[in-house]
Amino acid sequence: MKTARSLNDCEVSRRKFVRNTVGAAVVTLTSAAAAQQNEPPKPEGLSASDWGEVQSRWANLLRVYGERLSQREKKRVLEILTTNEQMLASIRSFIVQNSDAAALTFRLTP
Amino acid sequence: MTLPADTYFRTVRSLGDVLRKRQMTSVALTEGYLERCRTIGAKLNAYVTLTPELALQQARQADDEIKAGRYRGPLHGVPYAVKDLVAVRGYPTTWGAVPYKNQSFDFNATVIERMNEAGAVLLGKAAMIELAGGLGYSAGTASLTGPARNPWNPECWTCGSSSGSGAIVAAGLAPWALGSDTRGSILCPSAWCGVSGLRPSFGRVSRYGSMAIAYSMDKLGPMARSAEDCALVLAVLAGHDPLDHDSIPASAAPFAYEETEFSVNEPIHIGRLTNVYDKVDPEIETAIDAACHVFEQAGATVERCEFPDGPFEEAAELTILMEAASYFEHLIQSGGCKALTDPLGQINGYVSEQFSATDFLHVQRVRPMLQRLANGMFDRYTVLISAAQPTAAQLLSSRDPEHPKVRDFHLDRRAPDGVSSLCGLPAISVPCGFSEKRLPFGMQIMGRALNEAAVLRAARLYQSHTEWHQQHPTI
């Protein structure tokens with residue numbers, strides 16, 4: 001269960017995040033075939049559920065755009081998805097309340 | 001008429017004065033700049049398209065009007081360049097990208113109309129990183145026109161995405177150029193090219209008619225030879241535009257050039273940020289320390305401080321990735337992104353399409369919290385200063401897009417520009433020294449939202465006591 005936290009007692013520092021990201025973003029795949037057929041290993045620092053989301057998104061991406069991508073590109077998009085998930089995890093660690101509005105505005109134009 | 005070589009490195013203020021006094025004609029000045037653009041500009045890959053017909057027409061009109069006593073202001077007859085994501089009627093607007101190399105628009109962007117009203121002279125469309133980096137890029141070669149080369153050392157990059165604009169001002173190919181900045185694209189090239197570049201507050205300058213990559217973060221701003229020049233140009237560019245959805249209302253704090261003039265009766269309290277980069281070139285830290293001393297000698301107070309922790313960089317990067325996936329939806333879904341130069345740009349859009357709506361909204365709901373954190377710093381400080389970039393300009397050859405280490409390029413930590421971009425804050429990069437290899441350093445000065453005046457006041461104070469901004473490469 002995630003604990004609500006405010007930005008005043010944030011433990012995730014930008015410096016720590018980047019160090020972890022640089023280390024975790026290297027996804028080693030044993031072969032090009034493994035990229036498609038075998039399940040790639042979960043990178044360090046990513047939770048099981050977050051890794052599941054990465055894999056789900058990768059599967060969807062390949063379903064839609066797989067024919068356009070080379071084997072190298074398929075591997076590369078997995079790396080990018082993993083990096084994006086790391087950033088999302090950092091954002092999600094800040095629980096938003098019902099009253100927290102988005103930085104989006106809808107303006108009336110009379 | 002051949003003008004002295006140092007003419008092309010004069011400020012907007014200086015050139016405007018000599019034109020007003022008719023000590024020089026705009027036509028002569030424009031012809032001189034155009035010749036430099038054709039020769040030097042070509043070697044630096046600084047321009048995509050020159051606009052000589054329009055430029056000379058505008059220059060002749062300026063000379064006639066000035067002669068007739070119809071003076072429009074400090075930009076009258078003064079040449080400039082504009083980043084090639086801004087629409088100019090009758091000329092290509094390529095967005096720096098192969099898929100759009102033949103694109104043109106049949107209207108002028110608002111900023112162009114304002115420049116026309118001011119009597120300015122458009123020399124051409126400045127080169128840029130493809131799509132201003134909207135789909136990501138990993139090297140300076142990510143451009144329709146090849147890498148823009150740094151006038152201080154052509155083997156080095158200018159930085160981006162306003163790569164051509166940086167080269168143009170540094171090399172004396174125009175007195176100033178308009179750039180854009182979503183996350184550092186004015187500030188970084190300004191630092192690496194040794195010029196003064198201002199990224200105004202979000203909504204201060206109309207974006208109507210310019211390419212969008214992240215509409216909640218895109219800004220347009222001037223790059224010039226001095227902070228005073230940036231203030232002069234901003235005074236013309238700024239102002240409400242109903243055609244830009246996020247344009248600051250006319251009732252909000254207007255920008256006034258006079259408020260950028262420093263005064264001994266208005267003390268400046270400066271926070272010197274100490275935690276914005278993991279690692280900064282020691283020469284740059286020394287230069288920033290020296291700048292602090294200059295400020296103190298000039299009567300400002302300087303205090304070391306830390307920026308509060310928070311997921312600023314993650315929020316900035318995610319916002320850009322998510323919004324760009326929408327703004328370039330057609331390019332991605334059609335597969336046209338394959339024609340982009342950079343291998344990252346060719347595929348990144350596919351990845352960004354996998355974000356969900358709740359992902360996007362969560363980022364945008366955390367964003368106001370981060371804004372409040374950033375704003376809180378300005379309860380104590382007038383402005384915050386730091387190194388604009390952790391290093392000086394890098395060699396073009398040091399960034400091979402296929403190298404594994406380069407693959408994390410989109411995670412590079414440009415912290416102060418990322419923070420200020422996310423929170424819509426104004427910031428300027430001004431030259432503050434040189435490396436042993438004679439490459440310029442930049443200092444970033446950041447202010448509270450809508451307080452460009454304080455940022456420019458601090459920058460002008462600094463430049464009144466230093467000469468870094470007056471130096472230029474020998475070209």
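Biologist: How many cavities of 30 Å³ or more are there by this rule?

Modeller: The count is three. This is a predicted model, in which local features need pLDDT of at least 70, side-chain atom pairs count only at pLDDT 80 or more, and totals for chains, interfaces and linings use all residues. Residues are numbered from 1 along each chain as its sequence is written, chains are lettered from A in the order in which they are written, and side-chain values use heavy atoms, with hydrogens and water left out.

Biologist: What counts as a cavity?

Modeller: On a 1 Å grid over the protein atoms alone, a cavity is a set of points where a 1.4 Å probe fits but cannot get out, and its lining residues have an atom within 4 Å of a point. Points are joined across faces, edges and corners, and the volume is the space filled by probe spheres set on them.

Biologist: What is the volume of the largest cavity?

Modeller: The largest cavity holds about 70 Å³. Its lining includes Leu85(B), Asp181(B), Arg207(B) and Lys219(B). In chain B, β6 (176-181) and β8 (219-224) are the elements that give two or more residues to this lining. Strands here are DSSP runs of E with at least two residues, helices are runs of H or I with at least four, and both are numbered from the N terminus.

Biologist: And which residues line the second largest cavity?

Modeller: Both chains take part: Val54(A), Arg57(A), Leu81(A), Asn84(A), Glu85(A) and Leu88(A), along with Val351(B), Gln354(B) and Phe355(B). The volume of this second largest cavity is about 50 Å³. The largest share of the lining, four residues, is from α4(A).

Biologist: Arg57(A) is in that list. Which residue does Arg57(A) form a salt bridge with?

Modeller: Its partner is Asp359(B), with the closest N and O atoms 2.6 Å apart. Arg57(A) is in helix α3 of chain A and Asp359(B) in helix α12 (residues 357-377) of chain B, so the pair joins two chains. A salt bridge means a side-chain nitrogen of Lys or Arg within 4 Å of a carboxyl oxygen of Asp or Glu.

Biologist: Are Arg57(A) and Asp359(B) buried or exposed?

Modeller: Both Arg57(A) and Asp359(B) are buried. Buried is under 20% relative accessible area, exposed is over 50%, and partly exposed is in between, using a 1.4 Å probe and protein chains only.

Biologist: What else is linked with them in a network?

Modeller: The salt-bridge network also has Asp50(A), Glu53(A), Glu85(A) and Arg92(A). Within it, Asp359(B) bridges to Arg92(A) at 2.8 Å between the closest N and O atoms. Glu85(A) bridges to Arg92(A) as well, at 3.3 Å.

Biologist: New topic. How many residues are in contact between chain B and chain A?

Modeller: 53 residues of chain B contact 42 residues of chain A, where contact is heavy atoms within 4.5 Å. The area buried between the two chains is about 4,400 Å², and carbon and sulfur atoms give 60% of that. Buried area is the accessible area (1.4 Å probe) that two parts lose on being put together, summed over both.

Biologist: Which three residues of chain B supply more of its buried area than any other three?

Modeller: Those are Glu314(B), Gln354(B) and Arg365(B), with 16% of the area chain B buries against chain A.

Notes. 1 Å grid on protein atoms, 1.4 Å probe; cavity = no way out; pocket = protein on both sides within 12 Å on 5 of 7 lines; lining within 4 Å.
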